[in-house]
Amino acid sequence: MFSGETVPRSAIPHIKSFTDAGGVLVGLGSKLPFVVGIEPIDDGRWTMSPRSPKFAWQTGEVLGHFHMKYVYKPTMHDQALRFTATPLLQRYAPGVSDPSGPLQNWCIVPYTARGVSGEYFPLIRSQRVDGADVTPQLSVVRRDGRHAVLGFSRVLVDESDPKKWAHGRAVVVGIAHLARDLRAGLLVLDESMRVEVDPALGPAAPLRRVMPVAEADPEGLEPIARWGRFDGSNLELDGSPIPPVLDPGERLVLELPEWRGTARLRVRAAYAKSNAGLRVRLDDRLLWDELLLYIDASGMSNHTAGAYNDVPAEVTRLIALPASSSGRLELSNPGREPLHLDAVQVEPADASPSRLMGMYTPLTAYTGKPLRIDPAVTGRWSVTRADLKSDRVGPPGDPRRWEHLDEHMARLIEVNPKLNLILQGTPEWAAISPERYALGKKAGRPYVVPPDTEKYKEIVNYVIDRYAEHVVIWEIGNETDIQQFWRGTTE
């Protein structure tokens, strides 16, 4: 029984002969078991084996003994969201419940060599939302009479998080009994216990990657007609009048019931590549025609701070329908890539959502020069978005501490008395620490160092007391996902 990802190089021949003779190898609590070769050094510590060159310590020898291999395929990591304690586990650990996700799970798959395949017999089965099996969280592995038990999540075997999983001891004891029975020939693994894990399995389709959330009635409206559920998943569309996917050139025709008054069409969909499209016709009238752009988030941009690369884009379109008592609605994909549908709804359009129209002001109010746009124009906008620029507020006791902020706010109000105000700008005296301010100064952006909460509250209270009547929207920071505008942590 091993724990973690390391294996002494000197132990590998003995592991092989042990399992060839009927012994059962157990590896628990590792996303990549037996993949790091180690060896002892003189002072009793251990080191990588061999220490160089880079990654020379990586070994697939133990997994390969069972015709299993790790595939570096990040799109297949952590795919499972459904975890099931199988009858095989219940036999050895009665009363164990199904784990709840997410659980870390990398891609270890079986392969076939010389006509012999590695096989998975799950103790805890791992499936994606679309039902596809991925590497089981806890499983018996078999190859040509050799057996191992592999567990890829520490939380399942050590009770470190009892709220998430409180059966770690029962599972480890159960595994010991299971291994004994395998070695004694008292446990027969039959085909009904086995699952196939496809080494060539690709990512799940858009809208089939996450569990559906509670269905929502958009804006509380009673729909005139609805197909599907607005829940972030389109699994329920299988076999329905609406297909889950509109392929390029494909059309969908829906007969609408009668309605009175104005209405709109709500379409929620997703796409993973540019030039998926949505075209909408009602009878002989073209109402919408759009090709969708997918943003590549793999390089440096505002999108790279989160795990947005290769994540499908999800969109909602609200399309006005002409007054009618009924109609023949046609949705089609005029593009070159698939469009994945979540739900489609015809709903009353009596109430329109409020919208604000305006601009951001860095080239107008901040320069101190004459405004480039006449305030007679900007004053008619719904709102103007602007930075507070509070980094020039003086410390307590400074008789002129608010002078610059007041001048700045007066200029913003001249542009437009209705503001979307961004609370941003850390003075040196209000920084979270002198050290952090110094680091920000070295980077050329000390004013976006996190402030001390209590000290910055003084500034916020002043602005609220003096200028709240001019602020339509309060915004906390600007583009805090990149260090250009926020030099702090997510917390």
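Modeller: The chain holds nine helices and 26 strands, which are DSSP runs numbered from the N terminus (helices H or I, at least four residues; strands E, at least two). This is a predicted model, where local features need pLDDT of at least 70 and side-chain atom pairs count only at pLDDT 80 or more, while totals for chains, interfaces and linings use all residues. Residues are numbered from 1 along each chain as its sequence is written, and side-chain values use heavy atoms, with hydrogens and water left out.

Colleague: Why is Thr 47 called buried?

Modeller: Thr 47 has a relative accessible area of 13%, and buried means under 20% (exposed is over 50%, partly exposed in between; 1.4 Å probe, protein chains only). So Thr 47 counts as buried. Thr 47 sits in strand β5, residues 46-48.

Colleague: What is Thr 47 in contact with, leaving aside its neighbours within four places in sequence?

Modeller: Gly 37, Ile 38, Glu 39 and Ile 41, where contact means heavy atoms within 4.5 Å.

Colleague: What makes strands β18 and β19 a pair?

Modeller: Two strands pair if DSSP finds at least two bridges between them. Seven bridges join β18 (residues 276-282) to β19 (residues 285-292), so they pair, and they run antiparallel.

Colleague: Which other strand pairs with β18?

Modeller: β21, residues 327-332, with four bridges in the antiparallel sense. There, Leu 282 stands opposite Leu 329. As for cover, five of the seven residues of β18 are buried.

Colleague: What makes the largest nonpolar core a core?

Modeller: A nonpolar core is a set of buried Ala, Val, Leu, Ile, Met, Phe, Trp, Tyr and Cys residues joined through side-chain atoms within 4.5 Å. The largest has 59 residues, and Leu 123, Val 140, Val 149 and Leu 178 have the most contacts inside it. Helix α5 (residues 168-184) gives the largest share of this core, five residues. A second, separate core of 29 residues includes Leu 246, Leu 254, Leu 292 and Val 346.

Colleague: How do you know how the chain stands against a compact globule?

Modeller: By the radius of gyration, taken over C-alpha atoms; the globule rule is 2.2 Å times the number of residues to the power 0.38. For 491 residues a compact globule would come near 23 Å, but the chain has 30 Å. Its C-alpha atoms fill a box of roughly 90 × 70 × 40 Å along the principal axes.
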